Amino acid sequence: MDAKGSFKVAGNVVNIFAKQIFYGEVEVQAGKIKAIRMLGQQPSANLPFILPGFIDSHVHIESSMLVPSEFAKLAVVHGTVATVSDPHEIANVCGMAGVDYMIENGKTVPFKFNFGAPSCVPATHFETAGAVLHAADVKALLQKDEIKYLSEMMNFPGVLHADEEVMLKIKAAHELGKPVDGHAPGLRGEDARRYIQAAP
């Protein structure tokens, strides 16, 4: 591999979609797959397998009681190479500093963490939390390149009743072109439609 993340690797390529395995070569250029070439119809018994890694599409890493770098060491041996991670729990305890810590610690390993900006800290006004993330805090997080989306908007009553703080958080994500992750168990019909289509 060169300094720009370009290389070629040969092996038994596992094509998940076609449900086949063949002897082939994967060419990576600047950290992205440029080409997958079939070099032979049959796999080789002497070569390793090349296949896509799993992406854990919803996880709170801190609930594992591990920091991101240690979580990655355990996850990758089971084929997981990336996560979509909501650092909600650490934000509940440490606020913005906790989210920043997760981002920086995650950079210490070659594992792809897609962190979101926690949308509901605390989750409800009934909680006793160590921190509060207001709309301005959430917007500041969303402006970071490392923050990929607005984490699960579990305050669905706030969405349905157009709570000002809730709507400002959603607006910030929309303005920055970042997805809004949903969390609205039990909503049906018109309420579900209003929740899904909520726009400030």
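Modeller: In this predicted model, helix α4 passes helix α6 in a right-handed crossing.

Biologist: At what angle do α4 and α6 pack, and how far apart are their axes?

Modeller: Helix α4, residues 135-142, and helix α6, residues 164-175, pack at an angle of about 15°, and their axes are 9 Å apart. Because angles under 35 degrees count as roughly parallel, that value makes α4 roughly parallel to α6.

Biologist: Which residues of α4 and α6 make the contact?

Modeller: Ala135, Val138, Lys139 and Leu142 contribute from α4, while Glu165, Leu168, Lys169, Ala172, Ala173 and Glu175 contribute from α6. By class, six residues of this contact between α4 and α6 are nonpolar and four are charged, with no polar ones; Lys and Glu count as charged, whereas Ala, Val and Leu count as nonpolar.

Biologist: Why are α3 and α4 called roughly parallel to each other?

Modeller: Helix α3, residues 96-106, packs with α4 at an angle of about 15°, with the axes 11 Å apart. The cut-off for roughly parallel is an angle under 35 degrees, and α3 and α4 are therefore roughly parallel to each other. Their contact is made by Met96, Val99 and Asp100 of α3 together with Asp137, Ala140 and Leu141 of α4, and it divides into four nonpolar, no polar and two charged residues.

Biologist: What is the hand of the crossing in which α3 passes α4?

Modeller: The crossing of α3 with α4 is right-handed.

Biologist: Turning to the pockets, what is the volume of the largest pocket, and which residues are closest to its centre?

Modeller: The largest pocket has a volume of about 880 Å³, and of the 24 residues that line it, Ile33, Leu51, Pro52, Gly53 and Val81 are the closest to its centre. The elements that give two or more residues to this lining are β1 (7-15), β2 (20-29), β3 (32-40) and β6 (80-85), and the largest share, five residues, comes from β1.

Biologist: How do the residues of that lining of the largest pocket divide by class?

Modeller: The lining of the largest pocket has 18 nonpolar, four polar and two charged residues. Gly53 is among the residues closest to the centre of this pocket, and Gly counts as polar in this scheme.

Conventions. Residues are numbered from 1 along each chain as its sequence is written. This is a predicted model: local features need pLDDT of at least 70, side-chain atom pairs count only at pLDDT 80 or more; totals for chains, interfaces and linings use all residues. Side-chain values use heavy atoms; hydrogens and water are left out. Axes are lines fitted to C-alpha atoms, for helices over the stretch in contact, and angles run from 0 to 180 degrees between N-to-C directions. Helices (H or I, at least four residues) and strands (E, at least two) are DSSP runs, numbered from the N terminus. Angles under 35 degrees count as roughly parallel, over 145 as roughly antiparallel, 65 to 115 as roughly perpendicular and the rest as oblique. A crossing is left-handed if the near helix is turned anticlockwise from the far one by less than a right angle, and right-handed if clockwise. Contact means heavy atoms within 4.5 Å. On a 1 Å grid over the protein atoms alone, a cavity is a set of points where a 1.4 Å probe fits but cannot get out, and a pocket is an open set with protein on both sides within 12 Å along at least five of seven lines; lining residues have an atom within 4 Å of a point. Grid points are joined across faces, edges and corners, and a volume is the space filled by probe spheres set on the points.
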